[in-house]
Amino acid sequence: MYAGMTFEELGGWPGALMIAVCGLVVVFIVLAVLALMIMVISKVVGFIEGKMPVAAPAPKAAPAAAPAPKKEEDDEEIIAVITAAVAAEMGTTPDQTRLTSIMRY
């Protein structure tokens, strides 16, 4: 059985609104405290890490080679896979399906 206060015991709408506003204020105060704690902790961690000795920097890796130009075979294979997927979705065979254009993004 519910043993809480009734709407009339709260004071009607003004009392109910006051409780709602108090709840919202408590939530936002807790969120502000959490944000401040996160900022303080990040400053402390940054200060502690700044005092620790830093290992020697790793040598820089050579720049990656430029990707090889796409082959015509790759394009044909992609078109075949797309055609097969469209045909499977339509419930037909790839021979009965004709793609008119494929757009690359």
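Of the 105 residues in the protein chain, 5% are buried, in a model that is predicted. The accessible surface of the chain amounts to about 9,900 Å², and carbon and sulfur atoms account for 71% of that area.

The secondary structure consists of three helices and zero strands, so that, read from the N terminus, the order of elements is α-α-α.

## Confidence

Across the protein chain the mean pLDDT is 81, with 76% of the residues reaching 70 or more. Among the elements, helix 2, spanning residues 12–51, carries the highest confidence, at a mean of 91, whereas helix 1, covering residues 7–10, has the lowest, at a mean of 77. Where pLDDT is low, the predicted coordinates should not be read in detail.

T97 is located in the segment after helix 3, the helix that runs over residues 72–90. With a relative accessibility of 12%, T97 counts as buried, because the cut-off for a buried residue is under 20% relative accessible area.

When residues up to four places away in sequence are not counted, the residues that T97 touches are T83, V86, A87 and T92. With one of these, T92, the side chain of T97 also forms a polar contact of 3.1 Å.

## T83 in helix 3

T83, a residue of helix 3, is likewise one of the partners of T97. The relative accessibility of T83 is 14%, and T83 therefore counts as buried under the 20% cut-off.

Once its neighbours within four places in sequence are left aside, T83 is in contact with P94, T97 and L99.

Not counting residues up to four places away in sequence, I82 touches L99 and I102.

L99 lies 17 residues from I82 along the chain, and the C-alpha atoms of I82 and L99 are separated by 8.8 Å.

How values were computed: Residues numbered from 1 in each chain as written. Predicted model: local features only at pLDDT ≥ 70, side-chain atom pairs only at ≥ 80, totals over all residues. Heavy atoms only, no water. Helix = DSSP H or I, 4+ residues; strand = E, 2+ residues; numbered from the N terminus. Buried < 20%, exposed > 50% of the residue type's maximum accessible area, 1.4 Å probe, protein only. Areas by Shrake-Rupley, 256 points an atom, 1.4 Å probe, with all protein chains shown as cover. Polar contact = N/O pair within 3.5 Å; in protein donor to acceptor, adjacent residues only side chain to side chain. Contact = heavy atoms within 4.5 Å. pLDDT = per-residue confidence, 0-100.
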